[in-house]
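Look at the model before reading on.

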Amino acid sequence: KKIAMINDIVIIIHTIKKVTGVDIKQIESSKSKTEIADAIRIYCLLATTLTHYNYSDIGSLFKRSGTAQNHSMVVYHKKKGLFFLEKEIRFKNIYNKCMKELPYLNDENECVNKIKYHKNKVKKYTSILQKLSNNG
């Protein structure tokens, strides 16, 4: 379960970097403070919405000194992000570009298709194992 969550976070981080040019794992960037803050807000919005990590885990990416600080930072940036989604078209456009790069995370049909695919793989390998155990 933890591995799947980490993959979601990594995909979110890479998507934000692709769309904004900001690597939020390396905050000491040549980008402007606004670009960095936008990237962090989008990360907090996406990670709290699309993963099942708690706020402290999501904030631990930023290497603050404690889980309380991590949690509060995520709460703060998510709240700011929600405000900017309503009030600032520029931010909303960047957020929407990030969401479009993550279609499988919020596309129910894609998730259903992946589940079907993996169930078929399980059936296939179960059948092979049964045949092998019957021959042995």
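Of the 136 residues in the protein, 35% are buried. The model is a predicted one. The protein contains seven helices and zero strands, so its elements, read from the N terminus, run α-α-α-α-α-α-α. Contacts also reach along the chain: of those between residues at least 6 apart in sequence, 58% join residues at least 24 apart. The protein exposes about 9200 Å², and carbon and sulfur atoms supply 55% of this area.

Helix α5 covers residues 89-101, which is 13 residues. From its first C-alpha to its last, α5 reaches 18 Å, close to the 18 Å expected at 1.5 Å a residue. Which residues of α5 are buried? They are F91, I94, Y95, C98 and M99. These residues lie on the same side of α5, because they cover an arc of only 140° around the axis. An α-helix has 3.6 residues a turn, so residues three or four places apart point the same way. The face of α5 turned away from the buried side carries the exposed residues I89, K97 and K100.

One of the buried residues of α5, F91, is also in contact with R41. R41 is found in helix α2, which runs over residues 33-50. Is R41 buried or exposed? R41 counts as buried, because its relative accessibility is 11% and the cut-off for buried is under 20%. Leaving aside neighbours within four places in sequence, R41 is in contact with H77, K80, G81 and F84 as well as F91.

Terms used. Residues are numbered from 1 along each chain as its sequence is written. This is a predicted model: local features need pLDDT of at least 70, side-chain atom pairs count only at pLDDT 80 or more; totals for chains, interfaces and linings use all residues. Side-chain values use heavy atoms; hydrogens and water are left out. Helices (H or I, at least four residues) and strands (E, at least two) are DSSP runs, numbered from the N terminus. Buried means under 20% relative accessible area, exposed over 50%, partly exposed in between (1.4 Å probe, protein chains only). Contact means heavy atoms within 4.5 Å. The expected span of a helix is 1.5 Å times one less than its number of residues. The arc is that of the directions from the helix axis to the C-beta atoms. Accessible areas come from the Shrake-Rupley method with a 1.4 Å probe; for residues, only the protein chains shown count as cover.
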